[in-house]
Amino acid sequence: MRELRRVASQGIPHAAAPALRPTLWKLLLGYLPSDRALWSSELANKRSQYKHFKDDLLMNPSEITRRIYNSAAHDIDDAKSETRILLSRSQITHEDHPLSLGKTSVWNQFFQDTDLIEQIDRDVKRTHPDIHFFSGDSQLAKSNQDALKNILLIFAKLNPGIRYVQGMNEVLAPLFYVFKNDPDEENAAFAEADTFFCFVELLSGFQDNFCQQLDNSIVGIRSTITRLSQLLKEHDEELWRHLEVTTQVNPQFYAFRWITLLLTQEFNFSDILHIWDIILSDPEGPQETLLRICCAMLIFVRRRLLAGDFTSNLKLLQSYPSTNISHLLHVANKLRVQSG
């Protein structure tokens with residue numbers, strides 16, 4: 001794994017990326033064990049587990065009620081359960097009635113989820129509108145959108161402390177794109193399940209940035225932004241002073257999006273995948289590399305920033321200019337060496 005991380009940290013050659021990246025990311029995120037002999041059993045277990053999540057968490061309440069009844073009918077009379085049975089009013093318990101307000105009612109939970117589902121649906125439809133894989137009326141785009149929605153809804157239900165936070169769709173998109181385009185057809189067919197577990201692994205390294213209760217804490221997003229500010233001061237105090245003291249550009253105005261969305265809004269899609277190769281390969285954890293890349297982004301445009309005022313600098317950083325990614329990542333790596 002050490003050698004694999006070293007190779008990945010230099011970036012995957014463009015021609016080899018579609019074939020290598022899916023397996024590489026699964027290894028770097030800890031989804032696949034380092035022992036190759038365990039891959040097939042581990043994947044089978046996880047994919048089966050995800051199917052159970054979908055069955056348990058995404059089912060319409062009327063279907064749940066019907067299944068409960070059919071199961072009971074099966075116990076009484078095997079023959080009856082094979083026919084499609086509509087429930088009579090007397091057979092629906094109070095808790096299973098759509099108008100029940102009971103906290104354990106499957107319908108009450110279903111209605112509570114409606115707002116969440118609508119928010120996820122809105123955000124997924126806005127994901128990368130310029131890429132046909134995600135957007136448009138094609139069967140492919142609709143199928144991919146459905147997969148993203150399923151993953152985000154299941155994640156929200158399994159993580160009630162975080163639920164769904166706007167922007168998670170942007171973090172999810174590169175993972176699903178990479179796994180769905182795996183040349184291995186079986187892996188591509190199970191991209192939704194694999195993406196779910198890798199999304200959980202990825203967010204575990206960044207979840208404090210998505211947890212509102214931690215915003216002002218030592219581990220929350222504001223603390224992370226402060227660390228970026230300190231990193232800039234350490235490596236380029238002149239630029240830090242001009243940005244934060246002279247022109248008073250608060251790092252939150254630009255770095256909040258950079259950090260929470262893992263730079264997915266700042267670069268074109270192929271560059272994002274290249275940047276993520278580097279972020280995921282760092283043995284120190286993805287957050288440290290991300291902050292170094294953000295710091296390098298500031299240093300990269302230092303001449304324009306030093307010549308700018310509050311308005312022009314904020315505009316520049318909120319709409320980052322197109323950049324030579326290899327050079328940018330080289331600068332970020334130099335920061336690591338200097339810090340070391």
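Q: How do the residues lining the second largest pocket divide into nonpolar, polar and charged?
A: The lining has 7 nonpolar, 4 polar and 2 charged residues. Nonpolar here covers Ala, Val, Leu, Ile, Met, Phe, Trp, Tyr, Cys and Pro; charged covers Asp, Glu, Lys and Arg; the others, Gly among them, are polar. Note that this is a predicted model: local features need pLDDT of at least 70, side-chain atom pairs pLDDT 80 or more, while totals for chains, interfaces and linings use all residues. Numbering runs from 1 along each chain as its sequence is written, and side-chain values use heavy atoms, without hydrogens and water.

Q: Which residues lie nearest the centre of that pocket?
A: His14, Ala17, Pro18, Arg21 and Leu273, out of 13 lining residues. A pocket is an open set of points on a 1 Å grid over the protein atoms alone, where a 1.4 Å probe fits, with protein on both sides within 12 Å along at least five of seven lines; lining residues have an atom within 4 Å of a point.

Q: What volume does the second largest pocket have?
A: About 300 Å³, counted as the space filled by probe spheres set on the points, which are joined across faces, edges and corners.

Q: And which helices supply at least two residues each?
A: H2 (17-28), H8 (168-180) and H15 (269-281). Helices are DSSP runs (H or I, at least four residues), numbered from the N terminus.

Q: Which domains does the lining draw on?
A: Domain 1 (16-56 + 104-205) and domain 2 (212-335) each give at least three residues. The bounds come from an automatic or database domain assignment.

Q: Switching to rings. How many aromatic pairs?
A: The count is 17, for Phe, Tyr and Trp rings (six-membered ring for Trp) with centres within 6.5 Å.

Q: What's the geometry of Phe53 and Phe196?
A: Their centres are 5.8 Å apart and their planes at 65°, so the pair is edge-to-face. That label needs over 60 degrees; under 30 is stacked, the rest tilted. Phe53 is in helix H3 (residues 39-57) and Phe196 in helix H10 (residues 191-204), 143 residues apart.

Q: Are those two buried or exposed?
A: Phe53 and Phe196 are both buried, meaning under 20% relative accessible area with a 1.4 Å probe, protein chains only; exposed is over 50%, partly exposed in between.

Q: Which aromatic cluster do they belong to?
A: One formed by Tyr31, Tyr50, Phe53, Phe196 and Phe197.
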